[in-house]
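Student: Could we go through this model together? I would like to begin with how its parts are arranged.

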Amino acid sequence: MSMSTTAPTTPNTATQELRVGVVGLGFAGTTHLDAFTALPGARVVALAGQESERLAELADSRGVEATYADWQDLVARDDLDIVSIGVPNALHHPIAVAALESGKHVFCEKPLATTGALAAEMVAAAETADRVLEVAYNHRRRADVQFLHDYIAPTGPGRSDALGEIYHGRASWVRRSGVPGITSWFTNKAAAGGGPMIDLGSHVLDIALYLMGEPRVTTVSAVAYNHLGAAGRGGGAGGGPVSARGSHAFDVEDFSIALLRFDTGASLQLEASWASYSKAHEDIDVEVLGSVGGAQLHVDAYATDGTVTLYSDVEGAPTVSRPAVHVPAGHHQRVIEEFLATIRAGDAAGDAVGDAAGTTAGGTGGRYAGHHGEYALHRSRVIDAVYESAATGHEVQVQA
Ligand SMILES: NC(=O)c1ccc[n+]([C@@H]2O[C@H](COP(=O)([O-])OP(=O)(O)OC[C@H]3O[C@@H](n4cnc5c(N)ncnc54)[C@H](O)[C@@H]3O)[C@@H](O)[C@H]2O)c1
């Protein structure tokens, strides 16, 4: 779906205050609203969402002038520089395409879209309009991930100053009991695109590819199960979406695991689950194995300290070190800060700062030149391949 909107304009975004419209009132929308409100040079002037009381309360407490029940009315405004998307996954594509086609920059929640094909249309819309399309891979901006990236110092896909040749990684986000609202939109294929692999797996896939120097994933072999969630078990305490529950069929996986092969010859084991009878509580693990060293991120229940471990040999003796890295809150704010800097630099094509040179804190490095969501598209295509492989029982090629 695409709306008829005004032609793209090119405002002087280097100096002017950027006017933001936020869509969504749940965890994501509220986090976007607070991040843009906290950052200098941006102002949230419009907010949309379907929970009318929460809409009024958020607009009032944050000083937002205009509110809308439907995203179409917000995107139709011709005085916004940015549309920020924090809604169920299936709405990312129509909102982003309409916003980009009418000349707005877009900040979009992960995953970019429910499928790689829809994600590709969003990237094409950003390229055509020459607008920035950034995705909320906020966990990559954690201080411990940034520390590991600086330590590993990837010099290209599969190559590292500290680890030598990177040949394998393990990336997982697993929960003991944490389905985000059984029968909410999260657990419905049409609304979400999938279960924990697209929800949580996309974050740890992003971190692993970033730490491993952005290799291209060529093939995927995966399995997926839903023994708990589909039977109404494994629901998490608290959390979950603000939007109405109970109306969607549970037709996604609650557990998935995949083996990914890279163009470098290296590999990655990727696992995501919302619920399983296992010791995990809410564990994020990303491990990178190299020919002369290894590095691990282990975040247990959103821990903010003691999450980094490095493995090497010192004078021939196996050595483990645990650098003291503290993780302050605010990863969403950091990715939004980078997004605003990219807009101000007039750098949607990636030739001034950022990913092309790998100079920004969260930049993915040299493989992706632009800021039109290109790296997020690759992640969406990998997730597509996970689901296709799980459904067919065969290894699947990832679309280039
Ligand atoms: N990056 C992260 O750490 C993180 C964390 C949570 C969620 N997310 C992502 O954020 C997105 C939203 O998740 P959530 O947990 O905030 O969901 P939620 O269900 O709590 O909120 C969704 C919001 O979308 C609004 N909405 C739905 N249809 C709309 C329409 N037609 N017009 C305007 N508003 C509409 C709802 O009213 C609601 O306010 C998802 O893509 C999810 O994957 C990311």
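**Domains and helix contacts**

Tutor: The centres of domain 1 and domain 2, taken over C-alpha atoms, are 24 Å apart. This is a predicted model, in which local features need pLDDT of at least 70 and side-chain atom pairs count only at pLDDT 80 or more, while totals for chains, interfaces and linings use all residues. Residues are numbered from 1 along each chain as its sequence is written, and side-chain values use heavy atoms, with hydrogens and water left out.

Student: Which residues is the protein divided into as domain 1 and domain 2?

Tutor: Domain 1 is 18-139 + 332-370, and domain 2 is 142-329 + 382-397. These bounds come from an automatic or database domain assignment.

Student: What area is buried between them?

Tutor: About 2100 Å² is buried between domain 1 and domain 2, and carbon and sulfur atoms give 52% of that. Buried area is the accessible area (1.4 Å probe) that two parts lose on being put together, summed over both. In domain 1, the residues that lose the most area to domain 2 are Tyr137, His139 and Arg367, together 34% of what that side buries.

Student: How many residues are in contact?

Tutor: 25 residues of domain 1 are in contact with 26 residues of domain 2, where contact means heavy atoms within 4.5 Å.

Student: Switching to helices: how do the axes of H6 and H8 cross?

Tutor: The axes of H6 (residues 143-152) and H8 (residues 196-211) come within 9 Å and cross at roughly 25°. H6 is therefore roughly parallel to H8, a term for angles under 35 degrees. Axes are lines fitted to C-alpha atoms, for helices over the stretch in contact, and angles run from 0 to 180 degrees between N-to-C directions. Helices (H or I, at least four residues) and strands (E, at least two) are DSSP runs, numbered from the N terminus.

Student: Which residues make that contact?

Tutor: Val145, Gln146, Leu148, His149 and Ile152 of H6 make it with Ile207, Tyr210 and Leu211 of H8.

Student: And where is the cis peptide bond?

Tutor: The cis bond joins Lys110 and Pro111, with omega about -15°. Pro111 lies in the loop between strand E5 (105-108) and helix H5 (116-129).

Student: Which residue has a positive phi although it is not a glycine?

Tutor: Tyr302 does, with phi of about 60°. Tyr302 is in the loop between strand E14 (294-300) and strand E15 (308-314). Most residues other than glycine have a negative phi, and most peptide bonds are trans.

How values were computed. Angles under 35 degrees count as roughly parallel, over 145 as roughly antiparallel, 65 to 115 as roughly perpendicular and the rest as oblique.
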